[in-house]
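Reader: I would like to go through this model by question and answer. Please give the cut-offs as the terms come up.

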Amino acid sequence: RTEETLLEVNNIEVIYNHVILVLKGVSLSVPKGGITALLGGNGAGKTTTLKAISNLLHSERGEVTKGSINYRGEPIAELDPASLVKKGVIQVMEGRHCFEHLTVEENLLTGAYTRGGDIAADLEMVYNYFPRLKERRKSQAGYTSGGEQQMVAIGRALMSKPECILLDEPSMGLAPQLVEEIFGIVKDLNEKEGATFLLAEQNTNVALRFAHYGYILESGRVVMDGPAAELRENPDVKEFYLGMS
Ligand code: ATP
């Protein structure tokens, strides 16, 4: 791993509806080639942080009122999601958001719309990581399982050839075995393709096993951060987030 910083969030504040202060000065940095986890309970501000980075807050009447967000040292706050994808940053939203009436393969192909290149080869790359999607390539996405839809959402993001993937709550609603499978694939993508991940997770246990570094958010503030191995051993993290003391 190199320590080159890809994404840097500096002291951002986010306000919804002009009055509700939700992020109260969040800073974090995402090294190239790493898996960085953004942890915290329900409503801590994880999704808001990811949406601030990918400039998706406007439709929710939210705005970044302070601080800055840089990608490769350049400010990205003004970029629309499509320009961001061209730069190499893509968000996989919470709740998956497949096109239910399209097939699995058609869903994957929608991820390649911003680019040219050898799309067939990339489709094979995605199927290589997700053999289950290859089996189900002709199925209508709406009829596949929750786990398969999460795989479609990640696979579709991969089709844009991203450098940095923002993954919101990949474990949500999935059985433990599938959570392991999805995180195992994230790890593979990180190790073999060099993909950088910033992932938001309520499941601290699984996230800290797969991530290299973690930030813990509480009520819109980073209350702790450190290498995943250290956080796993931290008594407060054990007591409040890992369900053991
Ligand atoms: P979750 O895992 O539930 O998504 P989270 O850590 O991602 O939790 P956020 O979704 O970022 O948390 O929400 C942070 C806070 O912002 C919560 O108190 C939430 O109620 C509030 N919030 C989120 N979206 C809006 C909105 N559109 N308008 C007003 N408040 C909002």
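Reader: Is C164 buried or exposed?
Author: This is a predicted model, in which local features need pLDDT of at least 70 and side-chain atom pairs count only at pLDDT 80 or more, while totals for chains, interfaces and linings use all residues. Residues are numbered from 1 along each chain as its sequence is written, and side-chain values use heavy atoms, with hydrogens and water left out. Buried means under 20% relative accessible area, exposed over 50% and partly exposed in between, with a 1.4 Å probe and protein chains only. The relative accessibility of C164 is 0%, so C164 counts as buried.

Reader: Why does C98 count as buried?
Author: The cut-off for buried is under 20%. C98 counts as buried because its relative accessibility is 15%.

Reader: How many disulfides are there?
Author: A disulfide is a covalent bond between the sulfur atoms of two cysteines. Here the rule asks for a pair of cysteine sulfur atoms within 2.5 Å. By this rule the count is zero.

Reader: Which residues does T196 contact, leaving aside neighbours within four places in sequence?
Author: T196 lies in strand β8 (residues 196–201); strands are DSSP runs of E with at least two residues, helices are runs of H or I with at least four, and both are numbered from the N terminus. At 0% relative accessibility, T196 counts as buried. Contact means heavy atoms within 4.5 Å. With those neighbours left aside, the partners of T196 are L6, V30, P31, K32, G33, G34, E163, C164 and I165.

Reader: What separates the C-alpha atoms of G67 and N11?
Author: G67 is in strand β4 (residues 62–71). Not counting residues up to four places away in sequence, G67 touches N10, N11 and I12. G67 and N11 are 56 residues apart along the chain, and their C-alpha atoms are separated by 4.8 Å.

Reader: Which helices do the buried residues of α4 pack against?
Author: Helix α4 spans residues 119–129, and D122, L123, M125, V126, Y127 and Y129 are buried in it. They pack against α3 (104–110), α5 (131–135), α6 and α7.

Reader: Is α6 roughly parallel or roughly antiparallel to α7?
Author: Axes are lines fitted to C-alpha atoms, for helices over the stretch in contact, and angles run from 0 to 180 degrees between N-to-C directions. Helix α6 (residues 146–158) packs on helix α7 (residues 176–193) at an angle of about 15°, with the axes 10 Å apart. Angles under 35 degrees count as roughly parallel, over 145 as roughly antiparallel, 65 to 115 as roughly perpendicular and the rest as oblique. The angle therefore makes α6 and α7 roughly parallel.
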